[in-house]
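Trainee: Could we go through this model together, one question at a time?
Mentor: Gladly! Here it is.

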Amino acid sequence: MAKTADVIIIGGGISGCSAAYQLARRGARVCLLEKSHLAAGSTGRTVGIIRQHYSNEVTARMALRSLRVWQDFEQVIGGDAGFVNSGVIFAVGPHEREKMAANVAMQRGVGIRVELLDIESLREVAPELNGADFGGIAYEPEGGYADGALAAAAFARRATDEGAEIRQGITVRRILTEQGRAIGVETEDGTMHAPVVINAAGPWAAQLTAQLGTQTPAQASRHQVAVFQQPPGSALAGHPFVADFVHHFYTRGETGALTLAGSLDPREAEDVVGDPDHYNESVSMDFNAEMADLTVARLPAMAEAHVGKGWVGLYTVTPDWHPIIGPLPGTEGLILAYGFSGSGFKMGPVVGEMLADLALGERQCPIDPAPFRLQRFAEGELFRGGYGEGGGLIG
Ligand SMILES: Cc1cc2nc3c(=O)[nH]c(=O)nc-3n(C[C@H](O)[C@H](O)[C@H](O)COP(=O)(O)OP(=O)(O)OC[C@H]3O[C@@H](n4cnc5c(N)ncnc54)[C@H](O)[C@@H]3O)c2cc1C
């Protein structure tokens with residue numbers, strides 16, 4: 001049996017491309033297979049927020065480690081990921097003020113630059129924002145957003161420079177196993193062999209794993225994004241990202257005098273998609289109207305805004321809104337990396353390091369992937385954050 005590579009990666013989103021780079025730079029022979037084109041899945045439709053506001057130490061550390069890459073992307077990876085340092089504001093109602101203060105203390109403890117603002121200091125940071133009913137406000141001056149397609153392409157380019165093979169337009173039909181271990185993949189272009197296979201196929205990943213007889217709890221669900229054209233002459237250009245947990249929605253500025261808005265209501269995950277290749281990709285009028293009302297309430301200058309063409313992408317959501325990163329028990333050499341539950345883009349840089357560690361049996365990254373193991377669901381060790389059940393993607 002001829003070995004094609006040391007590691008085969010399924011999926012050319014941010015997770016797969018970052019892992020390809022990390023593996024190649026450590027000297028592994030890596031082959032990434034992408035059924036369509038790079039960033040064809042969730043990565044190409046991300047809103048791209050890069051925030052540090054997580055409510056447990058592990059994910060806060062992961063977000064911070066990744067932020068350092070986003071901030072210095074050209075030096076560290078090469079190329080442009082479109083990182084914009086817009087600043088990030090998280091706001092909760094009065095009843096969650098204490099939880100937020102505890103989370104911010106934890107975040108500062110791991111080295112995140114974050115401060116609690118009162119209404120007066122919020123006006124200085126974001127004069128355009130109406131936060132009169134906010135009970136707790138956390139501000140991250142270093143946060144912002146980046147571009148999914150640019151970022152994945154830059155990681156892939158760098159991976160190729162380091163010797164990785166990136167093959168687009170190749171669909172993996174199934175993962176091959178023999179005597180309880182992964183031996184490669186069957187593609188529409190033939191069979192490829194490797195002792196390690198990483199399943200980073202995003203919304204499609206659980207179906208590939210299910211072919212091996214194991215159901216993993218990661219469901220694809222629709223996430224709509226509304227786009228608004230800011231009124232001419234408004235001072236809104238470059239307004240910060242605001243995660244509003246009073247009204248459970250977010251908004252951020254975008255180049256071209258645009259403002260984006262989407263839901264933070266965890267019930268969105270109930271809009272499950274059976275086939276990630278065929279789902280309703282239209283933003284509904286009701287959603288646009290709801291987001292318009294919420295956006296105007298927070299950014300009154302948006303009252304004269306126009307509705308633009310939004311988009312829909314897929315989250316891959318697990319029961320505790322945290323990813324599955326780790327081996328599939330009973331199938332040696334198969335590593336799962338999906339279920340990022342609407343917040344995996346920003347984590348791309350560190351997830352690549354964690355996957356390289358798992359694939360090569362190393363521990364170069366200071367983040368231990370163990371809390372993300374698949375078995376936690378069966379063990380009842382769900383990964384919960386400081387905001388509890390309703391925290392959803394705050395993690
Ligand atoms: C609308 C939207 C907004 C979001 N906003 C944010 C945000 O603000 N911040 C944030 O951090 N995260 C956000 N996310 C989540 C984030 O985008 C995802 O968690 C992340 O992009 C997942 O990347 P991935 O590489 O794991 O998966 P994907 O990007 O989905 O990549 C999987 C790839 O696998 C390929 N593939 C699938 N099956 C096969 C096969 N059989 N053979 C070969 N290739 C295959 C697909 O074509 C795809 O390219 C958002 C997601 C959406 C949809």
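Predicted model: local features only at pLDDT ≥ 70, side-chain atom pairs only at ≥ 80, totals over all residues.

Trainee: How are helix 1 and helix 6 oriented to each other: roughly parallel or roughly perpendicular?
Mentor: Good place to start. Helix 1 covers residues 14–25 and helix 6 covers residues 148–161, and their axes lie 8 Å apart at an angle of about 25°. Angles under 35 degrees count as roughly parallel. Helix 1 and helix 6 are therefore roughly parallel.

Trainee: How many nonpolar residues does the contact of helix 1 with helix 6 have?
Mentor: From helix 1, the residues taking part include Ile 14, Cys 17 and Tyr 21, and they meet residues of helix 6, among them Phe 155, Arg 158 and Ala 159. By class, this contact has one polar residue and one charged residue, and its nonpolar residues number 10.

Trainee: Is Gln 107 buried or exposed?
Mentor: Gln 107 belongs to helix 4, residues 97–109. Leaving out residues up to four places away in sequence, Gln 107 touches Gln 52, His 53, Tyr 54, Ile 112 and Val 114. Under 20% relative accessible area counts as buried. Gln 107 has 0%, so the residue is buried.

Trainee: Now the rings: what kind of aromatic pair do Phe 90 and Phe 245 form?
Mentor: The structure holds eight aromatic pairs. For Phe 90 and Phe 245, the ring centres are 5.8 Å apart and the planes stand at 20°. Planes under 30 degrees apart count as stacked, so this pair is stacked.

Trainee: How many residues apart are Phe 90 and Phe 245?
Mentor: Phe 90 is buried at a relative accessible area of 3%, and Phe 245 is buried at 6%. Phe 90 sits in strand 4, whereas Phe 245 is in the loop between strand 14 and strand 15. The pair thus links distant parts of the chain, with a separation of 155 residues.

Trainee: And how many residues apart in sequence are the parts tied together by Phe 372 and Phe 383?
Mentor: Phe 372 and Phe 383 are stacked too, with 5.2 Å from centre to centre and 20° between the planes. Both residues are buried. Phe 372 lies in the loop between helix 9 and helix 10 and Phe 383 in the segment after helix 10, so the parts tied together are 11 residues apart.

Methods
Residues numbered from 1 in each chain as written. Heavy atoms only, no water. Axes fitted to C-alpha atoms, helices over the stretch in contact; angles between N-to-C directions. Helix = DSSP H or I, 4+ residues; strand = E, 2+ residues; numbered from the N terminus. Parallel < 35°, antiparallel > 145°, perpendicular 65-115°, else oblique. Contact = heavy atoms within 4.5 Å. Nonpolar A, V, L, I, M, F, W, Y, C, P; charged D, E, K, R; others polar. Buried < 20%, exposed > 50% of the residue type's maximum accessible area, 1.4 Å probe, protein only. Phe/Tyr/Trp six-rings, centres within 6.5 Å; stacked < 30°, edge-to-face > 60°.
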